[in-house]
Structures are given as C-alpha cells and as structure tokens.
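Have the sequence and the 3D view ready as you read.

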Amino acid sequence: MRVFYATQFVLSLPAGHRFPMGKYQLLRDRLVAEVPGVRLGQALPASDGELALVHTPAYISGISDGSVDAKVMREIGFPWSEAMAERARRSVGATISACRSAFADGVAANIAGGTHHAYADKGGGFCVFNDAAVASRLMQAEARRSQRATLRIAIIDLDVHQGNGTARIFRDDESVFTLSMHGQKNFPFRKEASDLDVNLPDGCRDDDYLHALEGALDELDRRFEPRLVIYLAGADPHEGDRLGRLKLTWDGLEARDRRVFDWAWQRRIPVAMAMAGGYGTRIEDTVQAQINTFKVAAQYAARWQNQPR
C-alpha cells in the first residue's frame, strides 16, 4: 500500500497550542515498524494550477507569500511561515498522489490531509487548502482528458467535525457526493449543507454510531454511484479525544473503518484515505487510532493485490 507524507515540515507552534503536530512523525514511525508492505513516498507540492481548480488566485497567492489577511490566519489557527505554506501544498499533493495510486492499487493513503474546513477563498480550523476537493477536481480533469468521461467521486467524511468547506465547494456539483457524519453540537457551529449530513449527539457510542453509518452508506448507495472514494478517517470520534465529544471505543473505530472499506471493496471502488483530525488527551491515543485505521486499510489493499487481474 502506498502512503504519502510531508512529515519533514514541522511547524513551530506556541507552547500549549492545541494542534498535535508531532502525531504525523509518530504515525510514520509506527507504520514502518508495524504495517508490512507499506511503501512510503514523499509528497510533492500541489502547483498553483492544481490549487486553482478549487481555490481563488488571491487566496493561493496570499498563503504563498504571507500577504494573507491576519484574520484569515487566525481562523486557520496557525501562524504564517514559509514552512506552513509548503506543508499545506504538500498535504494536498499527498492526497493527489494517493488518489492516483488508489486507481492503480485499490487503496492508498495520505499520512495527513483531510483539511475539510478550507473554503475556496479562506481556511479555518487548522485547514489551509482543501486537499480532498483539489484532488477530486484534478482526478476529474485527468479522467476527462484520458477517458472523455465524468469521474463520479464520493467523499466520505467521518471526522467528528462537519466538512463545511468541502460541502460548500461542491454544493452545486452533482458529480461529487459529500457525506459528512459528525457531532451535531461540535465545531463548526455554522454548518453547510452536504449532500448527506448525519448529525450525532454528544456521547454517541459504538452501536448507535455504527447503525447511523450503516444507514448513511445505504443512502449513498441509493443516490450515487462513485468510481472513487476519498475517505476522511478522523481519529477524533474516539472517547479519549479532547475535542470530539463522542464515545467510540477502539473496537468501534475499527468497525467503522472496516465498514467503509468493505462497502467500497464490495463495489470494487478504489479508496484514497486521508487522516483528518485527532486531538487525544494523550497524543499516543490519536496515533493508536490512526495506526489501527492503517492496519485495516492495508488488509483491504492486500485484497486488491490478490484479486485476479
């Protein structure tokens, strides 16, 4: 399974900052140690032209050279730096590479990504550029060039926070189906309309969560036939997450991941995965949730590799 990273770009954040920057290197180290068959690849930066498939030229330029309004950076939650701008580009580039690899291999992943709070003209909630949106538009452009066909994509967003930026970007686009399953009372407090929103109450536990997921995937199946899934596998529904407010156990999270990958496998739909959020009281818990997800993904990648060609 091919996995793309940009862990060499570490942002210098103020003491006490809520974003767990160290989780990406910890995850990469554990992938090497614990998940056989993973092939790591360094993410290339998304170009201005690729970003412009979704984002406005003024916003791209402002992030690139630091001229972006200070209010926008406050909404994002990071101080501007050249490393921040480069990391944001490479996070998008990693999801682009994961999508291309998924078409070849069935399953591929980005160690970071899932930056679903970014709109066309602004970021927010630790999200600078919207990797799933840019990758979706680029994969569609490549499909039109090579196959003269419209590629239908489902973004299955199981981060605990609603994918408001993604929903807004694809609001009038019938070729991309946005499914967001999230805490009803959690950030963002002003939500956008996805194609399918599943609002969960605080304290939601495994059984209720999995029942809701089953219903959401059934409805997706009724309404849409994707040829690519981009899966945002947030660790933040876990009961140990500081910001999540849900109560999923390790077993519940693993069952969630298996259900998504099994749904796609049954239909032979490639899956590109991004990690999205995770803010465990202990950073080790966030990394554990993510490594568990990668282990499930690797099992389904092996199924793809072993099927008759």
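Leaving aside its neighbours within four places in sequence, which residues is threonine 281 in contact with? The partners are Gly240 and Arg242, where contact means heavy atoms within 4.5 Å. Before going on, note that this is a predicted model, in which local features need pLDDT of at least 70 and side-chain atom pairs count only at pLDDT 80 or more, while totals for chains, interfaces and linings use all residues. Residues are numbered from 1 along each chain as its sequence is written, and side-chain values use heavy atoms, with hydrogens and water left out.

You can find threonine 281 in the loop between β8 (271-274) and α10 (283-306). Those labels are DSSP runs numbered from the N terminus: helices are H or I with at least four residues, and strands are E with at least two. Threonine 281 counts as exposed because its relative accessibility is 62%; buried means under 20% relative accessible area, exposed over 50%, and partly exposed in between (1.4 Å probe, protein chains only). Now look across to phenylalanine 103: its C-alpha atom is 36 Å from that of threonine 281, and the two are 178 residues apart along the chain.

Beyond its neighbours within four places in sequence, glutamate 174 is in contact with Arg152 and Phe224. Aspartate 195 is 21 residues away from glutamate 174 in sequence, and their C-alpha atoms are 9.2 Å apart.

Next, turn to helix α6, residues 131-147. Its 17 residues should span 24 Å at 1.5 Å a residue, and the end C-alpha atoms are 23 Å apart, so the two agree; the expected span is 1.5 Å times one less than the number of residues. Buried residues of α6 include Asp131, Val134, Leu138 and Met139. After α6 comes arginine 148, whose phi is positive, near 55 degrees.

Finally, step back to see the whole protein, with its ten helices and eight strands. Buried residues make up 60% of the 309 residues. A compact globule with 309 residues would have a radius of gyration near 19 Å, and the protein has 18 Å, which agrees; this radius is taken over C-alpha atoms, and the globule rule is 2.2 Å times the number of residues to the power 0.38. Along the principal axes, the C-alpha atoms fill a box of roughly 50 × 45 × 40 Å.
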